[in-house]
Amino acid sequence: MSMIGRYLRLSAGELDRAEREPEWALGFVEELDEAAGGERAGGWARLHGTGTAWQALDFLLRRRGFPVDLVHGEGELPGAEDWGYGPPCRIAPERVALAAGALAELDPGRLVEGVRAADLAEARVYPQGRWAEEDSLHLVTAEYRALSDFVRAVATRRHGLLVWIE
C-alpha cells in the first residue's frame, strides 16, 4: 500500500468544529470517501489527494522557500488520532489564501527548474524507486497543477484545510 497526501476543505466554522470534535472530521472524511467511490473530483471538491507525489512536492516547495507548509500542514488537529501516518494538521483560511497567492506566482516549470530526478533519488524522496527516469518529474508537475487549482478554489471560498498522509 502506498503513502498518499490528502486534503479536506472546511469552512471556518467546520474547521472550528473539527478542532473541538476531531472524530467528527474523521467521520466526515469517511462519508465523503464513500460518496466519491474513489473518483477524483474538480476544484470545488471537499477532498483532494496528491497521490504518492506528496514528498516530492514538499521537497520542491521547500527549496523554493514556499511560505506555507502545504504538504504537512501548520499545526496538529488537537486531540485527533492517527489518520494514517500521524494525526491531520490544519491550515487556517488566511494561510490558505497566502498559499494560493504564492502558488499563482510559481509556475510548474519554475517549481522543478534546476532539479533532476536524480536529485530526488539522492534526497531519498518517497517513493524512492520512482526517480530513476528523468521524465518522472512530469508526475510531480501534474500533481502540483492539480493541488494549485484545488488550493486556489479553497481560498476563493475562504475555507481552511486539514492535511494528512495516509
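Setting aside neighbours within four places in sequence, L57 contacts T50, V71, L111, V140, E143, Y144 and L147, where contact means heavy atoms within 4.5 Å. The model is predicted: local features need pLDDT of at least 70 and side-chain atom pairs count only at pLDDT 80 or more, whereas totals for chains, interfaces and linings use all residues. Residues are numbered from 1 along each chain as its sequence is written, and side-chain values use heavy atoms, with hydrogens and water left out.

L57 is also one of the residues that touch the most other members of the largest nonpolar core, together with Y7, F66, L70, V151 and L161; this core has 37 residues. A nonpolar core is a set of buried Ala, Val, Leu, Ile, Met, Phe, Trp, Tyr and Cys residues joined through side-chain atoms within 4.5 Å. Two or more residues each come from helix 3 (54–63), helix 4 (93–105), helix 6 (117–122), helix 7 (137–156) and strand 4 (160–165). Helices (H or I, at least four residues) and strands (E, at least two) are DSSP runs, numbered from the N terminus. Helix 7 contributes the most to this core, with eight residues. Apart from this core lies another, of 14 residues, including W24, V29, L77 and W83.

R9, in strand 1 (residues 5–10), is buried yet forms no salt bridge; E14, the nearest side chain of opposite charge, is 6.0 Å away. Buried means under 20% relative accessible area, exposed over 50%, and partly exposed in between (1.4 Å probe, protein chains only). A salt bridge requires a side-chain nitrogen of Lys or Arg within 4 Å of a carboxyl oxygen of Asp or Glu. For charge, Lys and Arg count as positive and Asp and Glu as negative, while His and the chain ends are not counted. The side chains of R9 and H159 are joined at 2.9 Å by a polar contact (a pair of N or O atoms within 3.5 Å; within protein, one must be able to donate a hydrogen and the other to accept it, and residues adjacent in sequence count only if both atoms are side-chain atoms).

## Backbone geometry

The peptide bond from Y126 to P127 is cis, with omega near -10 degrees. R124 is exposed, at 56% relative accessibility.

R158, in the loop between helix 7 and strand 4, likewise has a positive phi near 60 degrees. R158 is exposed, with a relative accessible area of 68%.
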